[in-house]
Every structure is written in C-alpha cells, then in structure tokens.
Amino acid sequence: MTRLYSVFFLLLALVVEPGVRAWSKEGHVMTCQIAQDLLEPEAAHAVKMLLPDYANGNLSSLCVWPDQIRHWYKYRWTSSLHFIDTPDQACSFDYQRDCHDPHGGEDMCVAGAIQNFTSQLGHFRHGTSDRRYNMTEALLFLSHFMGDIHQPMHVGFTSDMGGNSIDLRWFRHKSNLHHVWDREIILTAAADYHGKDMHSLLQDIQRNFTEGSWLQHVESWKECDDISTCANKYAKESIKLACNWGYKDVESGETLSDKYFNTRMPIVMKRIAQGGIRLSMILNRVLGSSADHSLA
Ligand SMILES: *[C@@H]1O[C@H](CO)[C@@H](O)[C@H](O)[C@H]1NC(C)=O
Ligand SMILES: *[C@@H]1O[C@H](CO)[C@@H](O)[C@H](O)[C@H]1NC(C)=O
Ligand SMILES: *[C@@H]1O[C@H](CO)[C@@H](O)[C@H](O)[C@H]1NC(C)=O
Ligand SMILES: *[C@@H]1O[C@H](CO)[C@@H](O)[C@H](O)[C@H]1NC(C)=O
C-alpha cells in the first residue's frame with residue numbers, strides 16, 4: 001500500500017511540478033519579445049550569433065528553455081535560480097539574508113543568477129570567452145530570469161513557496177496564488193480584451209510604453225548605476241508588490257474574480273514591460289557597441 005502511494009505521489013509530483021514557480025510561457029515570450037525589439041544593432045547581432053540556428057533569430061522562442069530543463073539531472077542546480085524565498089511577512093529583500101538555496105548555497109537565487117549570467121555574457125563581447133561557460137545558455141538564463149524576477153510572487157514568502165501552496169479558485173477553476181500571477185491574469189487579459197490573441201496583448205503593452213501612460217517612466221525603469229546589483233532593486237520591487245497586491249486580502253480557499261483581476265492586471269502588465277525594457281538595457285550594455293568594460 002505504502003509503495004503504491006509513493007509511486008502515486010511521485011507521479012503526481014512529476015505532473016504538477018513543471019508548472020510550479022515560473023512566469024508562464026506567455027509572460028516569458030512577451031518579456032523577451034519586448035527586449036529583442038529594443039536591442040541596438042550590435043547587441044541584436046550578438047544575440048543572433050548566440051542563438052542556435054533552429055531559433056531562427058527569435059530570442060523569445062527559447063526564453064522558456066530554462067523551465068523545460070530545470071528538472072533534468074544535468075540542470076538540477078538551476079532549480080533554485082528561478083525565485084527568492086523571503087522570510088514570511090518581512091516584505092523585504094536582503095541579498096545576504098535571502099539569496100541562497102534551501103541548503104544555504106550562496107548566491108543561488110534569481111538575483112544571484114542574473115549577476116552570474118550577466119557577468120558571463122560580458123566575456124563574450126570582449127572576446128575573452130571562458131570555456132567554462134556556455135554563452136548561449138548564459139543568454140537564455142539571463143533572459144528568462146529577468147522575467148522571473150519581475151513576477152512579484154517569484155519573490156515571495158518561504159512557508160507558502162511564493163503563493164504556490166495557497167490554493168484557491170480563479171473565477172470557476174482551481175488554481176493557486178502563484179499561478180494566478182504567473183499565468184491566469186495574463187490569459188484572462190488576453191481573453192477579455194484581445195480575443196485571446198497574445199500578439200495583440202503584446203502590442204498593447206508596447207504601445208503603452210512607446211506612446212502611452214508609461215512613456216514618462218521608461219527612463220527611470222532603465223536606470224542602473226551598477227549592473228551587478230540592479231537585480232536587487234527589481235527583487236525589492238517584487239516583494240513589495242507581492243505584499244501590497246499579491247497576498248493582500250487573499251485567503252486560501254476563496255474565489256478570486258473581477259475585483260482582483262481588475263486591480264492586479266495593470267501591475268502584471270507593467271512588470272512584463274519593465275522586465276523586457278530592463279533586459280534590453282542589460283543586453284545593450286553587455287553586448288552593444290559601447291559595452292561596459294568594467295564587466296570583463
Ligand atoms: C518568436 O517566437 C515566439 C514564441 O515562440 C512566437 O510567438 C513569435 O511569433 C515568434 N516570432 C517570429 C517573428 O517568428
Ligand atoms: C553561475 O553559473 C555557473 C555555470 O555557468 C554555475 O555553475 C553557478 O552555480 C552559477 N551560479 C549562480 C548563482 O547562478
Ligand atoms: C551550449 O548550450 C546549448 C544549449 O544547451 C547546447 O545546445 C550547445 O551544444 C552548448 N554549446 C557548447 C559549446 O557546449
Ligand atoms: C494600456 O493603457 C490603457 C490606457 O491607460 C489601458 O486601458 C490598458 O489596459 C493598457 N494595456 C495594458 C496591456 O497594460
């Protein structure tokens with residue numbers, strides 16, 4: 001009996017796990033598309049060189065790759081790089097305190113990973129490619145983790161695993177709080193306002209920072225004095241949003257619907273825009289013509 005149960009739970013874990021803790025495919029695709037569209041020619045060229053041929057020069061087609069391989073034996077070390085667990089109710093991020101894996105492995109969190117892969121990519125432009133590192137993987141990891149760090153619930157509380165253990169309903173179907181932020185809000189927005197057309201949703205986001213209400217903020221979003229620590233700022237923003245909007249007024253077992261959707265949707269859209277704009281800022285600095293020499 002026990003044997004059977006463990007097999008059952010193992011299977012269940014295999015089925016359920018892949019969805020856990022990841023901006024949905026849609027979120028990552030949009031973030032990367034926004035970023036790629038904003039690359040300067042030199043950086044755009046470098047990205048194309050780094051992508052495998054089968055990507056056809058399309059960064060966003062591979063931005064979910066780190067989610068696909070995180071359970072492979074070879075890449076198990078990456079699984080804690082997708083998020084940050086902060087102390088329950090602290091509503092703050094402290095790199096020294098929080099950026100480690102469950103076994104205490106230092107820097108093993110999404111902010112540490114962004115630093116790591118940004119500095120690895122820095123070697124590419126300077127022709128000092130280090131054989132220890134695979135630059136294609138560095139590009140894909142950086143692009144993916146810049147999305148993750150902007151998803152507020154990826155910087156969440158430890159005991160509920162960033163909202164993963166807060167089961168609830170999203171309108172009529174079962175979900176959990178983490179997944180609501182990874183995917184449900186994006187899909188509901190696409191369904192309600194864009195006839196489920198993700199490309200139309202993406203264009204709406206892009207319009208809102210090229211000519212719409214976010215235009216005046218774009219420069220401040222891109223501000224980053226020290227490229228090795230800017231990820232800490234993004235993580236701090238996320239945990240604040242998680243507290244003020246994600247967890248706020250949510251009880252396990254309840255049904256979230258219009259009221260939650262209408263107030264949180266603008267935040268999700270803004271985070272996708274910020275993630276994409278900031279990814280382009282980093283790629284332009286690291287791979288562009290005025291590449292920052294302090295990195296290599
Ligand atoms: C790039 O890939 C994404 C994700 O697979 C896809 O939605 C998009 O249409 C592709 N873009 C082009 C120009 O093929
Ligand atoms: C940085 O990347 C290397 C592989 O390229 C890996 O061994 C190391 O664990 C990574 N560290 C972090 C914090 O991402
Ligand atoms: C770099 O990583 C990619 C993706 O995992 C892989 O396809 C490629 O063969 C690797 N390149 C080298 C030189 O190991
Ligand atoms: C874009 O801005 C308009 C006007 O403020 C707003 O109604 C719409 O929801 C925004 N779209 C997205 C995807 O953020």
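This is a predicted model: local features need pLDDT of at least 70, side-chain atom pairs count only at pLDDT 80 or more; totals for chains, interfaces and linings use all residues.
## Disulfides, a ligand site and a buried alanine

Cys230 has a relative accessible area of 8% and is therefore buried. The cut-off behind that word is a relative accessible area under 20%.

**The disulfides**

The partner of Cys230 is Cys224, and the sulfur atoms of this disulfide lie 2.1 Å apart. Cys224 is buried as well, because its relative accessible area is 7%. The link between Cys224 and Cys230 is right-handed, with 110° about the S-S bond.

How many disulfides does a search of the whole structure find? The search finds 4 disulfides. When the bonded cysteines are counted along the chain, the pairing pattern is 1-2, 3-8, 4-5, 6-7.

One of these links joins Cys32 to Cys63, with an S to S distance of 1.9 Å. The torsion about its S-S bond is -95°, and the link of Cys32 and Cys63 is left-handed. Cys32 and Cys63 are both buried.

Another disulfide connects Cys91 with Cys243, and here the S to S distance is 2.1 Å. Which parts of the chain does the pair of Cys91 and Cys243 tie together? Cys91 is found in the loop between β1 (84-86) and α5 (95-98), and Cys243 in helix α11 (residues 230-246), so the linked parts are 152 residues apart in sequence. Because the torsion about the S-S bond of Cys91 and Cys243 is about -95°, this disulfide is left-handed. Cys243 has 12% relative accessibility and so counts as buried.

**The surroundings of ligand 3**

Which residues surround ligand 3? They are Trp65, Tyr75, Asn134 and Glu137. By class, this shell has 2 nonpolar, 1 polar and 1 charged residues.

**Ala138 in helix α7**

Ala138 is part of helix α7, which covers residues 135-150. Is Ala138 buried or exposed? Ala138 is buried, because its relative accessible area is 0%. Which residues is Ala138 in contact with, leaving aside its neighbours within four places in sequence? The contacts are Phe117, Gln120 and Leu121. For Ile114, which is 24 residues from Ala138 along the chain, the separation between the C-alpha atoms of the two residues is 9.4 Å.

**Summary**

The disulfide of Cys224 and Cys230 is right-handed, whereas the link of Cys32 and Cys63 is left-handed. The disulfide of Cys91 and Cys243 is also left-handed. In helix α7, Ala138 is buried.

Methods: Residues are numbered from 1 along each chain as its sequence is written. Chains are lettered from A and ligands numbered from 1 in the order in which they are written. Side-chain values use heavy atoms; hydrogens and water are left out. A disulfide is a pair of cysteine sulfur atoms within 2.5 Å. Buried means under 20% relative accessible area, exposed over 50%, partly exposed in between (1.4 Å probe, protein chains only). Helices (H or I, at least four residues) and strands (E, at least two) are DSSP runs, numbered from the N terminus. A residue is near a molecule or strand if one of its heavy atoms lies within 4 Å of it. Ala, Val, Leu, Ile, Met, Phe, Trp, Tyr, Cys and Pro count as nonpolar, Asp, Glu, Lys and Arg as charged, and the others, Gly among them, as polar. Contact means heavy atoms within 4.5 Å.
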